[in-house]
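Please inspect the sequence and the structure before reading on.

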Protein chains: 2
Amino acid sequence: MNYPNNIEKNYKKPLSYKNRGMDLEEELNLTNDYYIEINKALIYKKPTPIGVAKVSYSKKGKVIDRAFFKEPSTLDYNGLYRGKYIEFEAKVTEHKTSFPLANIHEHQIYHLKKVIEHQGIAFLIIKINGLVYLLLGEDFIDYLEKKDRKSIEYEYIKEKGYLIPYGFRPLLDYLKIVDIIYFKEDA
Amino acid sequence: MNYPNNIEKNYKKPLSYKNRGMDLEEELNLTNDYYIEINKALIYKKPTPIGVAKVSYSKKGKVIDRAFFKEPSTLDYNGLYRGKYIEFEAKVTEHKTSFPLANIHEHQIYHLKKVIEHQGIAFLIIKINGLVYLLLGEDFIDYLEKKDRKSIEYEYIKEKGYLIPYGFRPLLDYLKIVDIIYFKEDA
């Protein structure tokens, strides 16, 4: 990984895995904003699905006075990269030896399988022990089918996952790994 | 278009363009649900983006007490079909001779161009005079660049767009048109 030598002065202190001020979602949003800025990919976090129960109207327009969060049935992020469909879920765990699967809903797992079946690229981005890994949907499903456990062992994530090093811009260059895996010929 | 001969009795009366009981969004949601059911495509309406201003906690979990709708910067629907990324916007107009472009935000037009540039499939689904048309993103952009108008003439939509006939299941088989345009070899 390349840390640039000339980090801009007005930028926050260089980010490392010890930086707990920014959560994984913010880190990925910054990364995706950067990909859009340099016209590399179009990947967005989907809005959280909500059910609106009550609205009213103010001078500024429609206001939601009561709503609730719905359970997502797809993964958090999706988009388009080099003509391919990409969808992934990002999760942080404070556990040290395993990633608890209670974090991911049953229908999200079902959906992930479907994305693979329809020739999309699907993966998880997991932050564990302060390190960020990309675990391919195929390896995730494989684990579930063989192990049927309530969590994924950290050892498995280290073995099968790809470490995404923290960089400057982009902050978490996960598409570099997508290039290596899916676009081998010109990675 | 094929209307099946054996329409189930407990189904609502056969849908036609005169059926105003269901709006275009519901019609497309039913269509997409059906595509998922028969494992043809994974296409979803994105949740409307909202900004949450105030939350509280009840027995049932987190409740939103105040929020507002945000302007979308992407298109309403996206997903995966035959390995390709698809994104589209669906709009109804009550105008008879043209489709007003005030309906579509500037950054949505920018985004649509980007989707095409990144080799995705992008289009509009426009309901005008009770008829539903698929207008390719390319033809939409072409019109904007040549005409620079505040609306698209109905004549142009009829000429360049593809009529999506109402069917039974799926209700609005727009992927049939995607097949013809993008997968010619085996449509």
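This is a predicted model: local features need pLDDT of at least 70, side-chain atom pairs count only at pLDDT 80 or more; totals for chains, interfaces and linings use all residues.

In which loop of chain A does N39(A) lie? N39(A) is placed in the loop between α1 (24-37) and β1 (42-45) of chain A. Although it is not a glycine, N39(A) has a positive phi of about 60°.

**Packing of α2 and α3 in chain A**

- In chain A, helix α2 (residues 106-117) packs with helix α3 (residues 137-147) at an angle of about 130°, and their axes are 10 Å apart.
- The crossing in which α2(A) passes α3(A) is left-handed.
- On the α2(A) side, the contact is made by I109(A), L112(A), K113(A) and I116(A). From α3(A), the contributing residues are G137(A), E138(A), F140(A), I141(A), L144(A) and E145(A).
- An α-helix has 3.6 residues a turn, so residues three or four places apart point the same way.

**Packing of α2 and α3 in chain B**

- Helix α2 (residues 106-117) and helix α3 (residues 137-147) of chain B pack with their axes 10 Å apart and at an angle of about 130°. That angle makes α2(B) oblique to α3(B).
- α2(B) and α3(B) meet in a left-handed crossing.
- I109(B), L112(B), K113(B) and I116(B) of α2(B) form one side of the contact. G137(B), E138(B), F140(B), I141(B), L144(B) and E145(B) of α3(B) form the other.
- The contact of α2(B) with α3(B) divides into 6 nonpolar, 1 polar and 3 charged residues.

**Length and surroundings of α2(A)**

- With 12 residues, α2(A) reaches 17 Å from its first C-alpha to its last, which is close to the 16 Å expected at 1.5 Å a residue.
- Which residues of α2(A) are buried? They are Q108(A), I109(A), H111(A), L112(A), K114(A) and V115(A).
- The cover over the buried residues of α2(A) includes β5 (84-93), β7 (121-128) and α3 of chain A. It also includes β1 (42-45) and β4 (77-81) of chain B.
- Just after α2(A), Q119(A) takes a positive phi of about 70°.

- The accessibility of N39(A) can be classed from its relative accessible area of 27%. Because partly exposed lies between under 20% for buried and over 50% for exposed, N39(A) is partly exposed.
- N129(B), a residue other than glycine, has a positive phi near 55°. N129(B) is in the loop between β7 (121-128) and β8 (131-136) of chain B.
- N129(B) counts as partly exposed, at 28% relative accessibility.

**Cis peptide bonds**

- In chain A, the peptide bond from R169(A) to P170(A) is cis, with omega near 0°. P170(A) belongs to the loop between β10 (162-163) and α5 (174-182) of chain A.
- In chain B, a cis peptide bond with omega near 0° runs from R169(B) to P170(B). The loop between β10 (162-163) and α5 (174-182) of chain B holds P170(B).

Note on methods:
Residues are numbered from 1 along each chain as its sequence is written. Chains are lettered from A and ligands numbered from 1 in the order in which they are written. Side-chain values use heavy atoms; hydrogens and water are left out. Axes are lines fitted to C-alpha atoms, for helices over the stretch in contact, and angles run from 0 to 180 degrees between N-to-C directions. Helices (H or I, at least four residues) and strands (E, at least two) are DSSP runs, numbered from the N terminus. A crossing is left-handed if the near helix is turned anticlockwise from the far one by less than a right angle, and right-handed if clockwise. Contact means heavy atoms within 4.5 Å. The expected span of a helix is 1.5 Å times one less than its number of residues. Buried means under 20% relative accessible area, exposed over 50%, partly exposed in between (1.4 Å probe, protein chains only). Angles under 35 degrees count as roughly parallel, over 145 as roughly antiparallel, 65 to 115 as roughly perpendicular and the rest as oblique. Ala, Val, Leu, Ile, Met, Phe, Trp, Tyr, Cys and Pro count as nonpolar, Asp, Glu, Lys and Arg as charged, and the others, Gly among them, as polar.
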